[in-house]
Amino acid sequence: MSLLQIKNLSVEFGSEKNPFRAVEGLDLSVDQGEIVGIVGESGSGKSVTMMAMMGLLEGQGRIVADELSFDGKNLLTISARERRKIVGKDIAMIFQDPMTSLNPSYTVGYQIMEVLKVHQGLRGAELKARALELMELVEIPAAKTRLEAYPHQLSGGMSQRVMIAVALACNPKLLIADEPTTALDVTIQAQIMDLLVNLQKERNMALLMITHDLAVIAEVAHRVAVMYAGQVAEEGRVPQLFRHPVHPYTNALLSSIPEHSKGARRLVTLPGIVPGQYDRPSGCLLSPRCPYVQERCRAERPGITAHEHGAVRCFYPLFEKKEAP
Amino acid sequence: MFFFILRRLGVLIPTFFGITLITFSLIRMIPGDPIEVMMGERSLDPALHAAAMKRLGLDQPLYIQYFDYIGNLFQGNLGASLKTQQSVWSEFTTLFPATLELALCALVFATVCGLLAGVVAAIKRGSIFDHGVMGISLTGFSMPIFWWGLILIMLFSVQLGWTPVSGRLDLAFDVQPQTGFMLIDAWRAEMADPEFNAGAFKDAVMHLILPAIVLGTIPLAVIARMTRSSMLEVLREDYVRTARAKGLSPARVIFIHTLRNALIPVLTVIGLQVGTLMGGAVLTETIFSWPGIGKWLIDAIGRRDYPVVQNGILIVATLVILTNFIVDILYGIANPRIRHAK
């Protein structure tokens with residue numbers, strides 16, 4: 001059984017009558033020790049999915065799913081109190097903007113020790129020693145003095161290391177990294193990614209990496225789910241999916257990487273934008289932008305179907321490479 | 001931080017001169033002079049009037065009077081009341097504890113209720129409670145103090161008879177002013193003579209409740225609104241999401257991670273309320289016959305007691321300025337980003 005199992009998850013916002021579905025019929029599973037990437041444009045529902053799972057939507061969104069379980073526990077039915085025993089301990093999360101993710105009024109040490117105190121009941125010298133150990137684990141130089149530092153005294157990269165220390169404090173089984181490097185400099189990005197991947201290997205924890213950086217996913221992930229407009233468009237193992245994308249959206253996404261654009265050709269783009277609340281097509285959500293669109297795509301919504309290397313949500317997947325008409 | 005304090009102190013000097021100039025000229029713009037008011041309806045021989053004015057130095061041109069006044073100030077001489085011949089400073093120090101007691105109780109009432117109402121309104125945003133609190137606080141903010149005081153007296157003192165109408169303590173008790181704070185003095189008197197002074201403390205509390213509520217209403221409304229909007233802003237911050245993602249209890253998320261940061265602007269507002277409280281004390285003390293500096297100043301204006309008005313207001317203004325100054329420093333302590341700024 002998978003560590004994290006999500007089946008047919010939908011998250012709706014707004015009124016009952018005219019809801020906006022930020023996530024629709026999402027399936028996802030993560031096994032222990034596995035790195036799974038979720039890629040997609042802004043507004044494709046990547047973060048909302050994770051927030052829903054963590055219980056961070058605070059009653060704003062309506063969450064419906066056939067299954068939403070972690071480590072054998074049903075996250076849909078457990079009480080908020082039970083959920084808080086899992087969140088921050090067995091599932092930890094780091095966020096996009098480390099500079100604003102730490103509380104400016106408390107020292108770094110306090111914010112690390114807080115989790116240890118709440119979840120593991122550590123006190124006194126033991127608590128301090130463990131916090132220092134975590135600071136050293138995430139390779140923060142002069143860790144001892146940095147425990148007393150306030151977040152505004154740290155750089156973005158250092159702040160993200162502190163966030164990772166907080167997340168790893170209770171040895172989580174699953175770490176969710178929501179665009180962990182987006183707000184950082186390129187050189188720091190690589191350092192933070194290396195740190196995350198090393199820690200993942202060391203501890204054999206599951207890592208769920210949300211990003212829109214395909215290169216990062218290609219390098220580190222075992223499996224990847226491509227999201228579009230709140231749905232998983234395609235899911236598969238990493239080398240295969242990148243070599244032979246079968247969903248037109250994945251295909252377009254990969255051809256828009258500058259390295260793939262050979263010679264003096266213009267960079268390939270997919271015209272249009274992700275549909276929002278008011279312009280959701282009745283058929284396949286990609287149909288207004290899809291170069292391979294057929295009559296059926298405009299009328300019906302495709303379900304997700306499994307194939308040899310993964311699964312795809314398309315009536316006419318690109319098993320044989322064809323040129324866009 | 002040292003230069004910050006020095007800079008703030010530098011700004012105070014022109015403010016002081018501004019205050020002296022304003023009070024000096026305003027009180028002289030009111031028709032009548034101390035001698036006339038003292039004599040009342042009875043007519044006074046113009047020669048006697050002129051002699052009295054000369055004795056008080058009020059026959060001099062205004063600019064000379066002003067420079068005399070400033071000169072005395074620099075020598076630390078605040079002058080004496082024209083009526084009692086007591087020095088302004090000693091009258092002030094006798095009466096100030098009464099005002100301070102009232103203002104502190106009003107501020108505690110406003111802060112405790114305001115913070116609670118603001119926090120709950122922010123957490124339950126959009127609920128009936130939220131709309132109720134915001135509606136009531138808007139009403140409270142717009143309420144004229146004298147009208148609100150009279151309404152409360154009519155209801156609780158006259159109709160229901162729950163609280164006394166005016167004063168600080170029933171005459172039946174024998175309480176010697178020691179600290180000047182009636183709550184403390186009454187408590188000590190009751191401890192010293194439990195037979196005779198039974199119930200003195202409770203009586204002091206009952207006298208204090210209505211004026212404290214009246215005086216605290218506007219600050220309460222301001223604090224509640226400020227707390228609510230500040231909380232709502234902080235609740236949207238990334239670090240509050242981080243706190244939730246750490247699996248912390250809602251109480252911890254609200255009080256440790258949200259309120260602490262939301263308090264920073266609220267603290268400034270609470271500091272600014274000291275001015276409102278002093279202004280409000282003048283009206284409140286008059287309505288409730290509360291023997292504090294508000295009533296003292298109103299009486300002094302009534303009898304054109306120039307030294308009391310000028311220097312009484314100067315002392316009060318200095319206190320307000322100093323409080324705001326202290327709040328600025330507290331602000332730095334609450335906010336590490338300012339504390340650590342070079």
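## The annotated span of chain A

Residues 4-254 of chain A are 41% helix and 25% strand, and the end C-alpha atoms of this span lie 27 Å apart. Helices (H or I, at least four residues) and strands (E, at least two) are DSSP runs, numbered from the N terminus. UniProt lists these residues as "domain: ABC transporter", in an unreviewed entry. UniProt positions follow the numbering used here, feature names are shortened, and annotations may be inferred rather than shown by experiment.

This is a predicted model: local features need pLDDT of at least 70, side-chain atom pairs count only at pLDDT 80 or more, and totals for chains, interfaces and linings use all residues. Residues are numbered from 1 along each chain as its sequence is written, while chains are lettered from A and ligands numbered from 1 in the order in which they are written.

## A covered strand in chain A

Strand β7 of chain A takes in residues 91-94. Both of its faces are covered. Ile91(A) and Met93(A) are buried on one side, Ala92(A) and Ile94(A) on the other. A residue is buried if 20 or more other C-beta atoms lie within 10 Å of its own, exposed if 12 or fewer, and partly exposed in between; C-beta atoms are placed from the backbone. In a regular strand the side chains alternate between the two faces of the sheet.

β7(A) runs parallel to strand β8 (residues 174-178) of chain A, and four bridges join them. Two strands pair if DSSP finds at least two bridges between them. Ala92(A) has Leu175(A) in β8(A) as its bridge partner.

## Ile164(A)

Ile164(A) sits in helix α7 (residues 156-168) of chain A. Ile164(A) counts as buried because it has 25 C-beta neighbours inside 10 Å. Leaving aside residues up to four places away in sequence, Ile164(A) touches Ile94(A), Val138(A), Leu195(A) and Leu196(A). Two residues are in contact if their C-beta atoms, placed from the backbone, lie within 7 Å. Ile164(A) and Ile192(A) are 28 residues apart along the chain, with 9.3 Å between their C-alpha atoms.

## Where the chains meet

The contact takes 23 residues from chain A and 17 residues from chain B. On the chain A side, the elements giving two or more residues are α2 (80-86), α3 (98-101) and α4 (108-120) of chain A. The largest share, four residues, comes from α4(A).

By class, the chain A side that touches chain B has eleven nonpolar, seven polar and five charged residues. Ala, Val, Leu, Ile, Met, Phe, Trp, Tyr, Cys and Pro count as nonpolar, Asp, Glu, Lys and Arg as charged, and the others, Gly among them, as polar.

## Chain B: overall build

Chain B has 14 helices and zero strands. Its C-alpha trace spans about 85 × 55 × 40 Å along the principal axes. Of its 342 residues, 35% are buried. Among contacts in chain B with a separation of 6 or more, 70% link residues 24 or more positions apart.

An unreviewed UniProt entry annotates "transmembrane region" at residues 9-30, 100-123, 135-158, 204-224, 262-283 and 313-334 of chain B. Residues 135-158 of chain B are 92% helix and 0% strand, with end C-alpha atoms 28 Å apart. Residues 204-224 of chain B are 100% helix and 0% strand, and their end C-alpha atoms also lie 28 Å apart.

## Two domains in chain B

Chain B is assigned domain 1 (2-74) and domain 2 (94-339). Domain bounds come from an automatic or database domain assignment. The C-alpha centres of the two domains lie 32 Å apart. Their contact takes 15 residues from domain 1 of chain B and 13 residues from domain 2 of chain B.

On the domain 1 side, α1 (2-29) and α2 (34-39) of chain B are the elements that give two or more residues. The largest share, eight residues, comes from α1(B). That side has nine nonpolar, four polar and two charged residues.

Helix α8 of chain B covers residues 182-192, and its buried residues are Met182(B), Asp185(B), Ala186(B), Ala189(B) and Glu190(B). They lie on the same side of α8(B) because they cover an arc of only 130° around the axis. The arc is that of the directions from the helix axis to the C-beta atoms. These buried residues pack against α5 (88-123) and α9 (200-235) of chain B. Exposed Met191(B) and Ala192(B) are on the face turned away from the buried side.

In helix α12 (residues 293-302) of chain B, the buried residues include Ile293(B), Trp296(B) and Ala300(B). Their cover includes α5, α11 (250-287) and α13 (306-334) of chain B. Just after α12(B), Arg304(B) takes a positive phi of about 50°.
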